[in-house]
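Please look over the sequence and the model first, then read the notes below.

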Amino acid sequence: RLAYLVRSIIDVNKSATATAVSGEGSVPPGVITQRADEGTESHATQAAESETSGRRTSSQSGTSFSESELQLPVTRTDILEVSKVARSKWDQIGVHLGFKLEEIEDYEVMHPKSMQQRLFSLLKDWASREVTPTVGMLLAACKKASVEGAAIKALQKH
């Protein structure tokens, strides 16, 4: 299963890059989508969710996500859930998402008492500057920071 997940993450990252370059199906930068129970949602999220018959329902009992689930846009709830369980590796996740060390240090200054808040802010900023931030991209960074298991469980909860 782990090999499948790793291959899926790599494929998703390649697909996301190709999609971003072609401009097909992309969510504008700075848009963090929300599911219906969170309020409004983007057209991209609605299409992806209708295609998969609801987010994460097909793999909640397992330890991995389907390829279509890995391609779903990251939501604000995803960011919150991951920031709760992966806070101790917030800086490593930042590095794996492309933040420079100076930028990472800024989050520490902005939120000196809360690693969870540092990670939450960092992930929100990542989602707003990424063309199409996906669950697969977030999980890939968590895997590199050795918190993939906790992130998967947190994302499967909702």
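Helix α7 has 15 residues and spans 21 Å from its first C-alpha to its last, close to the 21 Å expected at 1.5 Å a residue. The expected span is 1.5 Å times one less than the number of residues. Helices here are DSSP runs of H or I with at least four residues, strands are runs of E with at least two, and both are numbered from the N terminus. This is a predicted model, where local features need pLDDT of at least 70, side-chain atom pairs count only at pLDDT 80 or more, and totals for chains, interfaces and linings use all residues. Residues are numbered from 1 along each chain as its sequence is written, and side-chain values use heavy atoms, with hydrogens and water left out.

**Helix α7 and its cover**
- The buried residues of α7 are R118, L119, F120, S121, L122, L123, W126 and A127.
- Buried means under 20% relative accessible area, exposed means over 50%, and partly exposed lies in between (1.4 Å probe, protein chains only).
- The cover over these buried residues includes α4, α5 (90-96), α6 and α8.
- L123 touches I79, V82, I93, L97 and L138, leaving aside residues up to four places away in sequence.
- A contact means heavy atoms within 4.5 Å.

**Nonpolar core**
- The largest nonpolar core has 30 residues.
- Such a core is a set of buried Ala, Val, Leu, Ile, Met, Phe, Trp, Tyr and Cys residues joined through side-chain atoms within 4.5 Å.
- V82, I93, L97, L122, L123, W126 and L139 have the most contacts inside this core.
- Helices α4, α5, α6, α7, α8 and α9 each supply at least two of its residues.
- In soluble globular proteins, nonpolar side chains tend to be buried together.

**Salt bridges**
- The structure holds two salt bridges, each a side-chain nitrogen of Lys or Arg within 4 Å of a carboxyl oxygen of Asp or Glu.
- R129 and E103 form one of them, at 3.0 Å from N to O.
- This pair links distant parts of the chain, with R129 in α7 (residues 115-129) and E103 in α6 (residues 101-110), 26 residues apart.
- R129 is partly exposed at 41% relative accessibility, and E103 is partly exposed at 26%.
- E81 pairs with K84, and their closest N and O atoms are 3.5 Å apart.
- E81 and K84 are separated by about one helical turn because they lie three residues apart in α4 (residues 76-85).
- E81 is buried at 15% relative accessible area, whereas K84 is partly exposed at 33%.

**Helices α8 and α9**
- Helix α8 (residues 135-144) packs against helix α9 (residues 148-157) at about 150 degrees, with axes 8 Å apart.
- Axes are lines fitted to C-alpha atoms, for helices over the stretch in contact, and angles run from 0 to 180 degrees between N-to-C directions.
- V135, L139, C142 and K143 of α8 meet E148, A151, I152 and L155 of α9.
- The contact residues comprise six nonpolar, no polar and two charged.
- G136 sits in α8 and is buried, with 0% relative accessible area.
- The C-alpha atoms of G136 and P73 are 8.9 Å apart, although 63 residues separate the two along the chain.

**Whole protein**
- The protein has nine helices and zero strands.
- Of its 158 residues, 42% are buried.
- Among contacts between residues at least 6 apart in sequence, 70% join residues at least 24 apart.

Notes. Nonpolar A, V, L, I, M, F, W, Y, C, P; charged D, E, K, R; others polar.
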